[in-house]
Amino acid sequence: RTVRKHSPLGLLPRALLGSHQWPFAAATRARTMSWELRLWLPTLPESLRDVDFSKVERRTDLYALGLGDDVGVKRRNGTDLEIKRREKRKKRGAEKWRKTKVEATEEATWISCEKQRAKCTLPPPHDNIKVEVADVRFENGVSSKSVAFEKGKPHELYAACGSVMGLGEDWTADDLQGALGPAGFVGGYP
């Protein structure tokens, strides 16, 4: 059994969306992002409920639909257009993405996503790991929490995740899925 990966949008299966043409122009700026391990779950783990998040960002992003699990396209705060392509995915869910700024050349199907997110650094021994916690709500009524472990190598992200989720160090993908519950999953975009 492997960790479930689903689009948090909770929309029609991609097969029902039909074929699509790529509605975006070629980009001039691309950058490889750090590894991240993103969890989607109905509530925050107890260990993150009292974390002091000093800066909360609120924004609404628009996401293009029907482009596949390895591609994410959004208008950040409704304006700047970004494409993220997943370059690698590890067994326990750590992912490496490449982000590109582009311009739209034709219409795409979009869904609105309201976000409230905050970032912090974990205490030692995981003090090099950044954690982003987000409360997201899509225009179709789907709501979720997202916890992303960032800025580390996969083994460092896994150690931090194991600590936060109460799994210890040698957890498996099945252990993590059990901790996330039936509505939770690992990975994906946004």
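Visitor: Is Asp61 buried or exposed?

Guide: The model before us is a predicted one. A residue counts as buried when its relative accessible area is under 20%. Asp61 has a relative accessibility of 0%, and therefore it counts as buried.

Visitor: In which element is Asp61 found, and what does its side chain reach?

Guide: Asp61 belongs to strand β3. Its side chain reaches the backbone nitrogen of Asn77, at 2.7 Å. Leaving out residues up to four places away in sequence, Asp61 touches several others, among them Lys74, Arg75, Arg76, Ile111 and Lys115.

Visitor: How does β3 pair with β7?

Guide: Strand β3, residues 56-64, pairs with strand β7, residues 110-121, in the antiparallel sense, over nine bridges. Within β7, Cys113 is the bridge partner of Asp61. Strand β7 also pairs in the antiparallel sense with β8, residues 130-138, again over nine bridges. There, Ala118 has Val133 in β8 as its bridge partner.

Visitor: Which residues of helix α2 are buried?

Guide: In α2, residues 173-180, the buried residues include Ala173, Leu176, Gln177 and Leu180. Seen down the helix axis, the buried residues fall within an arc of 100°, so they line one face of α2. Their cover includes β2, α1 and β10. Just after the helix, Gly181 takes a positive phi of about 80°.

Visitor: Which residues touch the most other members of the largest nonpolar core?

Guide: The general idea is that nonpolar side chains tend to be buried together in soluble globular proteins. In the present case, the largest nonpolar core has 24 residues, and Leu39 and Phe149 touch the most other members. At least two residues of this core come from each of β2, β8, β9, α1 and α2. The largest share, five residues, is supplied by α1. Apart from this core lies another, of eight residues, including Ile111, Cys113, Ala134 and Phe138.

Visitor: With which residues is Phe149 in contact?

Guide: Neighbours within four places in sequence aside, the contacts of Phe149 include Trp35, Leu37, Leu39, Leu122, Val131, Leu157, Ala160 and Val164.

Technical notes
Residues numbered from 1 in each chain as written. Predicted model: local features only at pLDDT ≥ 70, side-chain atom pairs only at ≥ 80, totals over all residues. Heavy atoms only, no water. Pairing = 2+ DSSP bridges. Helix = DSSP H or I, 4+ residues; strand = E, 2+ residues; numbered from the N terminus. Buried < 20%, exposed > 50% of the residue type's maximum accessible area, 1.4 Å probe, protein only. Polar contact = N/O pair within 3.5 Å; in protein donor to acceptor, adjacent residues only side chain to side chain. Contact = heavy atoms within 4.5 Å. Arc of directions from axis to C-beta. Core = buried A, V, L, I, M, F, W, Y, C linked by side-chain atoms within 4.5 Å.
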